[in-house]
Amino acid sequence: MAAKVCNQCGEDNSESAAICISCSSSLKDAKLIGTLNSAKTEELERKSKSSRICSHCNEKLNAHER
């Protein structure tokens, strides 16, 4: 999960935040740290297309298997 680090107080905020939850400063120029949620979603979608996990026994399934 990515976080915006406040330039004023150093507090971590969600990547979609516009103002700091701690000091209410603008996060317009805040530095992002971590992996963006959008990047994680794309990675999960890519992995789920190539293989899946059975919800009953947790066995790895190929794309065509049920």
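How many bridges join strand β1 to β2, and in which direction do these strands run relative to each other? In this predicted model, strand β1, made of residues 3-5, is joined to β2 by three bridges, and the two strands run antiparallel. Within this pairing, K4 stands opposite N13 of β2.

The pair belongs to an open sheet of three strands, whose order is β2-β1-β3 and whose pairing is antiparallel. Because β2 and β3 stand at the edges and each has a single partner strand, one side of each is left without a neighbour in the sheet. Neighbouring strands of this sheet are turned against each other by 40 degrees on average, with direction ignored.

Is N13 buried or exposed? Its relative accessibility is 4%, and N13 therefore counts as buried, since buried means under 20% relative accessible area. The side chain of N13 reaches the backbone oxygen of E11 at 3.1 Å. Leaving aside residues up to four places away in sequence, N13 touches A2, A3, K4, C6, I19, C20, I21 and L27.

How many disulfides does the structure hold? The number is zero. C20 is in no disulfide, and the nearest cysteine sulfur, that of C9, is 3.6 Å away. A disulfide would require the two sulfur atoms to be within 2.5 Å. C20 counts as buried because its relative accessibility is 2%. C57, by contrast, counts as exposed, with a relative accessibility of 52%.

Most residues other than glycine have a negative phi. Which value does phi take at S24? The angle is near 65 degrees, a positive value in a residue other than glycine. S24 lies in the loop between β2 (12-14) and β3 (31-33), and its relative accessibility of 54% means that S24 counts as exposed.

N58 likewise has a phi near 65 degrees, a positive value in a residue other than glycine. The place of N58 is in the loop between β4 (51-53) and β5 (60-62). N58 is exposed, because its relative accessible area is 58% and exposed means over 50%.

Notes: Residues numbered from 1 in each chain as written. Predicted model: local features only at pLDDT ≥ 70, side-chain atom pairs only at ≥ 80, totals over all residues. Heavy atoms only, no water. Helix = DSSP H or I, 4+ residues; strand = E, 2+ residues; numbered from the N terminus. Buried < 20%, exposed > 50% of the residue type's maximum accessible area, 1.4 Å probe, protein only. Pairing = 2+ DSSP bridges. Axes fitted to C-alpha atoms, helices over the stretch in contact; angles between N-to-C directions. Polar contact = N/O pair within 3.5 Å; in protein donor to acceptor, adjacent residues only side chain to side chain. Contact = heavy atoms within 4.5 Å.
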